[in-house]
Amino acid sequence: MRRYFSRKLLIYGLTFFVAVTVNWLIPRFMPGDPVAGMVARANVAQPEAVEAMRAYYNDLFGFDQPLWQQYVNFWGAMFRGDFGISIWLFPTPVSTVINGAVPYTLGLIIPSVLLSWVVGNRFGAYAARRKLLDNTVLPVGYVLTAMPYMWLAVLLAWALGVIAGLFPVAGGYSFSMRPNWSWTFVLDLLHHWTLPFLSLFLVALGGWAIGMRNMIIYELESDYSNYLSALGAPARLIRRYAFRNAVLPQITGLALQLGVLVAGALVTEIVFAYPGLGSLILKAIQNQDFFLLQGTFLFIVLGVLIANFIIDIVYVVVDPRTRAGMAGAQA
Amino acid sequence: MTTLQETEPREREGVRREALHFAVRNGKLMAGFGIVVVLLVLGLVGPLLAGGTPNDYGTRPMSPPSAEHWLGTTTFGQDIFLQFVHGLRATFLVGVIGGGIAAVIGMLVGFVAGYRGGAVDEVLNMLTNVILVIPTLAVLLIINAYLGIRSVAVQGLFIGLTQWPWAARAIRAQTFSLRTREFVDLARMSGSGTWRIISREIAPNMSSYLFMTFILLFGGAILIASSLDFIGLGPTEGVSLGLMLQNANQWSALQLGMWWWFVPPGAGITAIVGALYVANVGLDEVFNPKLRET
Amino acid sequence: MSLQVSELRVYYRTLKGEVRALDGMTFELGDGEILGLVGESGCGKSTLGKSLIRMDGRMRHVGGTVVLDGQELPIGDDRAMNDFRFREVSLIPQYAMSALNPTRKLRKMVTELLRSRGSAVDTAELERRMDQVGLPREVLDRYPIELSGGMKQRMVMVISTLLDPSLLIADEVTSALDVSTQKAVARALLGFRESGYVKSMIFVTHDIALTHHIADTIMVMYAGRLAEKAPADVIVKAPRHPYTKLLLDSLPEVGVRYADRRLEGIPGSPPSLLDPPTGCRFRARCPIAGDECAQDPPVAELAPDHHVACWKA
């Protein structure tokens, strides 16, 4: 088990290192003078902002210093929580901008991912080897999982928002409100949260249901299932065992899908102009705000790594084989 | 040794014939590939028949589907059907390039890691895992934002470079189970080199698996490309289904009730990717006798 | 009589048509008898074993009856068969190494399995039986992955016989084991009969030599039919069916020099059961086949308890 975790941590550490290095390298690989280019593209009107930005960039990139020094400085700044200053919201620090958006993204992604995983697994397990259900769950599942996240989001917004008028289709809360902890505001938040949540939930649901169905069929044909059947054990017991064993690869699958799920959340937020990281990225791209973009990138990488580690811990708790010190999950 | 060489090809041919027998009778496979082929033909032939450039502004903006504009027009009067058929081309292209590159890298890494084992495997496995954990869309965001991707081909290239890890892992596991098999031992004893064994013995024995992996990578590349397009980091030249969605969203097609603008491109992507997935299930049933019986 | 099988026909559905894996098997098995079932692969011995407890999805019960302790087994009805499984007929499967749910501790698995069949675990009895096959008691608090292959095999043997079934089917249980473990397994099975955990047993194998040590009676099958059935000693020392003779000849014998005798299998291969030939099915490979072999040979009792299906015997 110690080996399992140290291996995982090594991978995550390496991943973070690679991500940071990529983040550092890419601006320096750009042709031409990045500072001039950025300031020009930033298209900021106030002269003092332009000047501050130029000075800031020069200082930040530290082009007069040797490359290794620049690299070390980059790491140092990051550990101090200094991701630079946003251009779009100049002069707000990038970390402040991101901190404001993260709760919205987490509030959207955590419930939708967990719920779709749980419900999808149930559906898939239930459908497996039941002809009628299988013939409905499977096609629906494939259509859902083949849908681009933003498209389902647009369709839901159109049907339930624009046509039926049941839900608002833009923003995290009503324009007329200021964030506070009153009931009306919380209800308003939930109201705006419903559609983005639903569309994320539905697209992910299909994939989990299909994955579970396939895993259960595999488990139901395994030797231990056959043995139990030969001893006359009821289908209920066999299905329970099969489900339990089929859930394990689904947990690994959750870790593997994290990147896709995050990507889905980002584009869904853009459709609903939901004030999370996705909308931030859109703004950063539209305003050529590279510091904001890079900061968001690091945040997402970090978040995915933490989520991966949590899943690893859960896996060890659920799979006895990893605890018994045997080869369980692969690294 | 001689008997093995004599029976192997015959056996393989038998398997192939049996697979074909099941393939043409498999509804999922036929329906899936049917849809893909129809859309592919539409993408290839449509632009030739329809004529005109997809992004040209027209005279009748915001009109719903009609005999003149089969799928209506955009806020700028662009013909949506024309955009759609051109977009299909871009979508297929990015799928082929992205899926193809990812498949090639995945196979190389998977074969070598699985066959060689040892330190080579350790290093490649570590590399695979690292790239597997990084959220690829985020990486593509940074790359595309800085480099300003102009063409569909370059977009496909970068997608291919980031999508291979899961394929490499799956192929590695398969190779691992094959490399101790008799016919591989035999080839090794008769002095064949690594590449020869991989290309002559191992790859042919998992060709169906490799093909299915490519299909999944193809579908995945299309989905990722559409997300990038939608965020505004798509190719700056031309038109794709994802860019159509982005335009529709940017110019408030939703609020204006112009459903004909945002429904076709999404439906096109869903149809291609969904049909590929369903065809893949069909293929799986054809190649794995266990799954046929239900 | 413990088990009476008459005219049993079980076919496999395949693409090319029905494979007649069991084509009219008739035999009996007495109380306390251990029957060794031998034959080349594809002769129908595993099909027979499966038919008596659980047919897989591609198998179809075409005709014939199986009567156990005076009750007819509904072998074609998967649901109705459940009442008999484990209590009356039980199985030690070929895949004993992977027969245990990997994510349950054994104690819990056994408890859940027994409870699902309406019985409670008698821990003292369970541990006594584990002692008997040399399994330490701590095994119950382990996961299957923590057990060695031999331990898993013995655990499966104990579990399968917990409800004291009348008939136990041991399907190729020794084929994956080394010789000394094979002997231990065989001894354990004999012990089970002595202790009364099982009444009678069908021991399916392709290993005649091992069968000889454990079985009272040996039944040789060929191409879905009975070829010869006789007390173990008789089969080994005085076989009457030419197939049995060839099968025995193909075995290496301890203490015999092979300088002037080449060891080889029986030339030719068994007929396709998709469209089996008429008459004796061994005809094509039989060194002594004659004209009469174009007719189906009946199973004749040549001597008490010695049944042979051959015109020339």
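Predicted model: local features only at pLDDT ≥ 70, side-chain atom pairs only at ≥ 80, totals over all residues.
Q: How many helices and strands does chain B have?
A: Chain B has 14 helices and zero strands. Its pattern along the sequence is accordingly written as α-α-α-α-α-α-α-α-α-α-α-α-α-α.

Q: What box do the C-alpha atoms fill?
A: Along the principal axes, the C-alpha atoms of chain B fill a box of roughly 75 × 45 × 35 Å.

Q: What about contacts in chain B between residues at least 6 apart in sequence: what percentage join residues at least 24 apart?
A: Of those contacts, 72% join residues at least 24 apart.

Q: Changing topic: which residues does UniProt list as "transmembrane region" in chain B?
A: The unreviewed UniProt entry lists residues 29–50, 92–115, 127–147, 209–233 and 259–283 of chain B under that name.

Q: Take 92–115. What is the span made of, helix or strand?
A: Residues 92–115 of chain B are 100% helix and 0% strand, and the end C-alpha atoms of the span lie 33 Å apart.

Q: And how far apart are the end C-alpha atoms of 209–233?
A: For residues 209–233 of chain B, the end C-alpha atoms lie 33 Å apart, and the span is 100% helix and 0% strand.

Q: Now helix packing. At what angle do α11(B) and α13(B) pack?
A: The angle is about 150°, and the axes of α11(B) and α13(B) are 9 Å apart. Angles over 145 degrees count as roughly antiparallel, so α11(B) and α13(B) are roughly antiparallel to each other.

Q: Is that crossing left-handed or right-handed?
A: The crossing in which α11(B) passes α13(B) is left-handed.

Q: Which residues meet there?
A: From α11(B), Leu241(B), Met244(B), Leu245(B) and Ala248(B) meet residues of α13(B), including Trp261(B), Phe262(B), Pro265(B) and Ile269(B). By class, this contact of α11(B) with α13(B) comprises eight nonpolar, two polar and no charged residues.

Q: Last topic, the partner chain. How many residues are in contact between B and A?
A: In chain B, 40 residues are in contact with 49 residues of chain A.

Q: Which helices of chain B supply at least two residues each?
A: On the side of chain B that touches chain A, they are α4 (118–133), α5 (136–147), α10 (207–233), α11 (241–250), α12 (253–256) and α13 (259–287).

Q: How does that side divide by class?
A: The side of chain B touching chain A has 27 nonpolar, 12 polar and one charged residues.

Conventions
Residues numbered from 1 in each chain as written. Chains lettered and ligands numbered in written order. Contact = placed C-beta atoms within 7 Å. Helix = DSSP H or I, 4+ residues; strand = E, 2+ residues; numbered from the N terminus. Nonpolar A, V, L, I, M, F, W, Y, C, P; charged D, E, K, R; others polar. UniProt positions renumbered as here; feature names shortened; annotations may be inferred. Axes fitted to C-alpha atoms, helices over the stretch in contact; angles between N-to-C directions. Parallel < 35°, antiparallel > 145°, perpendicular 65-115°, else oblique. Left-handed = near helix turned anticlockwise from the far one by under 90°.
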